[in-house]
Amino acid sequence: LVQRLKEARETGKANPDILDKFNRSKLEENFSEKKAELSDEAIDQVVASDGKLPGGMSPDTLKALIGNPEIMALMQNPKLQEAMKLMMTGGEEELQRAMSNDPELKEIAQKLSEIIMSTQPPQE
(Lines give C-alpha, C1' and ligand atoms only; values in the text may rest on other atoms or scores of the structure.)
Protein backbone atom coordinates (compact mmCIF):
# COMPACT_ATOMS: atom_id res chain seq x y z
CA LEU A 1 0.00 0.00 0.00
CA VAL A 2 2.78 2.41 0.90
CA GLN A 3 4.49 1.72 -2.42
CA ARG A 4 1.24 2.27 -4.36
CA LEU A 5 0.64 5.59 -2.57
CA LYS A 6 4.21 6.66 -3.26
CA GLU A 7 3.84 5.75 -6.95
CA ALA A 8 0.54 7.64 -7.19
CA ARG A 9 2.10 10.72 -5.64
CA GLU A 10 5.18 10.57 -7.89
CA THR A 11 3.27 9.98 -11.12
CA GLY A 12 0.28 12.18 -10.32
CA LYS A 13 -2.08 9.30 -11.04
CA ALA A 14 -5.21 8.83 -8.97
CA ASN A 15 -8.74 7.50 -9.14
CA PRO A 16 -10.83 9.86 -11.31
CA ASP A 17 -14.03 8.87 -9.45
CA ILE A 18 -13.36 11.84 -7.18
CA LEU A 19 -14.57 14.10 -10.01
CA ASP A 20 -17.88 12.26 -10.19
CA LYS A 21 -18.29 12.74 -6.43
CA PHE A 22 -17.51 16.45 -6.85
CA ASN A 23 -20.14 16.76 -9.59
CA ARG A 24 -22.76 14.99 -7.46
CA SER A 25 -21.95 17.22 -4.52
CA LYS A 26 -22.25 20.39 -6.63
CA LEU A 27 -25.53 19.18 -8.12
CA GLU A 28 -26.96 18.44 -4.68
CA GLU A 29 -25.77 21.84 -3.48
CA ASN A 30 -27.56 23.52 -6.40
CA PHE A 31 -30.86 21.83 -5.51
CA SER A 32 -30.67 22.41 -1.78
CA GLU A 33 -29.91 25.37 0.40
CA LYS A 34 -27.11 23.50 2.12
CA LYS A 35 -23.57 24.40 1.06
CA ALA A 36 -21.24 21.47 0.42
CA GLU A 37 -18.29 21.61 2.76
CA LEU A 38 -15.12 19.63 3.21
CA SER A 39 -14.75 18.76 6.86
CA ASP A 40 -11.44 18.49 8.66
CA GLU A 41 -12.31 14.83 9.34
CA ALA A 42 -12.69 14.13 5.62
CA ILE A 43 -9.34 15.76 4.91
CA ASP A 44 -7.67 13.87 7.77
CA GLN A 45 -8.77 10.57 6.23
CA VAL A 46 -6.67 11.16 3.10
CA VAL A 47 -3.67 12.96 4.58
CA ALA A 48 -0.46 10.95 4.31
CA SER A 49 2.11 10.54 7.08
CA ASP A 50 4.00 13.58 5.77
CA GLY A 51 0.93 15.75 6.44
CA LYS A 52 0.09 16.25 2.76
CA LEU A 53 -2.66 15.09 0.45
CA PRO A 54 -2.10 12.89 -2.60
CA GLY A 55 -0.28 15.00 -5.15
CA GLY A 56 1.68 16.72 -2.37
CA MET A 57 -0.87 19.45 -1.66
CA SER A 58 -1.22 20.67 1.91
CA PRO A 59 -4.64 20.57 3.61
CA ASP A 60 -4.48 24.37 4.06
CA THR A 61 -3.96 24.85 0.33
CA LEU A 62 -6.91 22.59 -0.41
CA LYS A 63 -9.12 24.59 1.96
CA ALA A 64 -8.03 27.86 0.34
CA LEU A 65 -8.81 26.47 -3.11
CA ILE A 66 -12.24 25.20 -2.09
CA GLY A 67 -13.05 28.65 -0.70
CA ASN A 68 -12.12 30.30 -4.01
CA PRO A 69 -15.21 30.83 -6.21
CA GLU A 70 -13.08 31.09 -9.36
CA ILE A 71 -11.55 27.67 -8.70
CA MET A 72 -14.95 26.15 -8.01
CA ALA A 73 -16.26 27.51 -11.31
CA LEU A 74 -13.24 26.13 -13.17
CA MET A 75 -13.69 22.75 -11.50
CA GLN A 76 -17.16 22.49 -13.03
CA ASN A 77 -15.80 23.01 -16.55
CA PRO A 78 -16.11 19.69 -18.43
CA LYS A 79 -12.89 20.36 -20.33
CA LEU A 80 -10.94 20.81 -17.09
CA GLN A 81 -12.51 17.68 -15.65
CA GLU A 82 -11.39 15.71 -18.70
CA ALA A 83 -7.89 17.12 -18.23
CA MET A 84 -7.90 16.09 -14.58
CA LYS A 85 -9.04 12.59 -15.51
CA LEU A 86 -6.22 12.39 -18.05
CA MET A 87 -3.73 13.45 -15.38
CA MET A 88 -5.13 10.97 -12.87
CA THR A 89 -5.11 8.02 -15.25
CA GLY A 90 -2.35 8.76 -17.76
CA GLY A 91 -0.05 11.06 -15.83
CA GLU A 92 1.45 14.39 -16.75
CA GLU A 93 2.71 13.21 -20.15
CA GLU A 94 -0.83 12.39 -21.27
CA LEU A 95 -2.07 15.77 -20.07
CA GLN A 96 0.76 17.59 -21.85
CA ARG A 97 -0.07 15.74 -25.08
CA ALA A 98 -3.75 16.71 -24.81
CA MET A 99 -2.90 20.36 -24.08
CA SER A 100 -0.59 20.53 -27.09
CA ASN A 101 -3.56 19.57 -29.29
CA ASP A 102 -6.15 21.79 -27.58
CA PRO A 103 -5.40 25.50 -26.98
CA GLU A 104 -8.59 25.96 -24.91
CA LEU A 105 -7.60 23.13 -22.59
CA LYS A 106 -4.11 24.59 -22.26
CA GLU A 107 -5.56 27.99 -21.33
CA ILE A 108 -7.88 26.48 -18.70
CA ALA A 109 -5.08 24.37 -17.21
CA GLN A 110 -2.79 27.42 -17.05
CA LYS A 111 -5.50 29.43 -15.27
CA LEU A 112 -5.93 26.64 -12.74
CA SER A 113 -2.19 26.46 -12.21
CA GLU A 114 -2.00 30.24 -11.66
CA ILE A 115 -4.74 30.11 -9.04
CA ILE A 116 -3.11 27.18 -7.24
CA MET A 117 0.27 28.91 -7.24
CA SER A 118 -1.30 32.06 -5.80
CA THR A 119 -2.40 30.07 -2.73
CA GLN A 120 1.12 28.80 -2.01
CA PRO A 121 3.15 30.56 0.68
CA PRO A 122 6.25 32.35 -0.66
CA GLN A 123 9.42 30.24 -0.77
CA GLU A 124 12.23 31.46 1.48
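What you have here is a predicted model, in which local features need pLDDT of at least 70, side-chain atom pairs count only at pLDDT 80 or more, and totals for chains, interfaces and linings use all residues. Residues are numbered from 1 along each chain as its sequence is written, and side-chain values use heavy atoms, with hydrogens and water left out. The chain has seven helices and zero strands; helices (H or I, at least four residues) and strands (E, at least two) are DSSP runs, numbered from the N terminus.

**Overall picture**

- Reading from the N terminus, the elements go α-α-α-α-α-α-α.
- The chain has 124 residues, and 23% of them count as buried. Here buried means under 20% relative accessible area, exposed means over 50%, and partly exposed is in between (1.4 Å probe, protein chains only).
- Take the contacts between residues at least 6 apart in sequence: 63% of them join residues at least 24 apart. Contact means heavy atoms within 4.5 Å.

**Nonpolar cores**

- A bit of background: in soluble globular proteins, nonpolar side chains tend to be buried together.
- The largest nonpolar core in this chain has 10 residues: Phe22, Leu65, Ile71, Met72, Leu74, Met75, Leu80, Ile108, Leu112 and Ile115. A nonpolar core is a set of buried Ala, Val, Leu, Ile, Met, Phe, Trp, Tyr and Cys residues joined through side-chain atoms within 4.5 Å.
- Helix α5 gives the most to it, with four residues.
- Leu80 touches Leu74, Met75, Ile108 and Leu112, leaving out residues up to four places away in sequence.
- There's also a second, separate core of six residues, and among its members are Ala83, Leu95, Leu105 and Ala109.

**Salt bridges**

- Side chains of opposite charge can pair when their charged atoms come close.
- The rule used here is a side-chain nitrogen of Lys or Arg within 4 Å of a carboxyl oxygen of Asp or Glu. By this rule the chain has four salt bridges.
- Lys79, Asp102 and Glu104 are linked in a network of salt bridges.
- In the Asp102–Lys79 salt bridge, the closest N and O atoms are 2.6 Å apart. This pair links distant parts of the chain, with Asp102 in the loop between α6 and α7 (103-119) and Lys79 in helix α6, 23 residues apart.
- Asp102 is buried, at a relative accessible area of 19%, while Lys79 is partly exposed at 27%.
- Glu104 also forms a salt bridge with Lys79, and here the closest N and O atoms are 3.9 Å apart. Because Glu104 lies in helix α7 and Lys79 in helix α6, the pair ties together parts that are 25 residues apart in sequence.
- Glu104 is partly exposed, with a relative accessible area of 46%.
- Another salt bridge joins the side chains of Glu94 and Arg97 (3.1 Å, N to O). Both residues lie in helix α6, three residues apart, which is about one turn of the helix.
- Glu94 is partly exposed at 28% relative accessibility, and Arg97 is partly exposed at 47%.

**Gln81, a buried polar residue in α6**

- Gln81 is part of helix α6 (residues 78-101), and it is buried with a relative accessible area of 7%.
- Its side chain reaches the backbone oxygen of Met75 at 2.7 Å.

**Helix α4 and Thr61**

- The buried residues of helix α4 (residues 59-66) are Pro59, Thr61 and Leu65. These residues cover an arc of only 160 degrees around the axis, so they sit on the same side of α4. The arc is that of the directions from the helix axis to the C-beta atoms.
- The cover over the buried residues of α4 includes α3 (40-46), α5 and α7.
- Thr61 counts as buried, at 6% relative accessibility.
- Setting aside neighbours within four places in sequence, Thr61 is in contact with Thr119 and Gln120.

How values were computed
A polar contact is a pair of N or O atoms within 3.5 Å; within protein, one must be able to donate a hydrogen and the other to accept it, and residues adjacent in sequence count only if both atoms are side-chain atoms.
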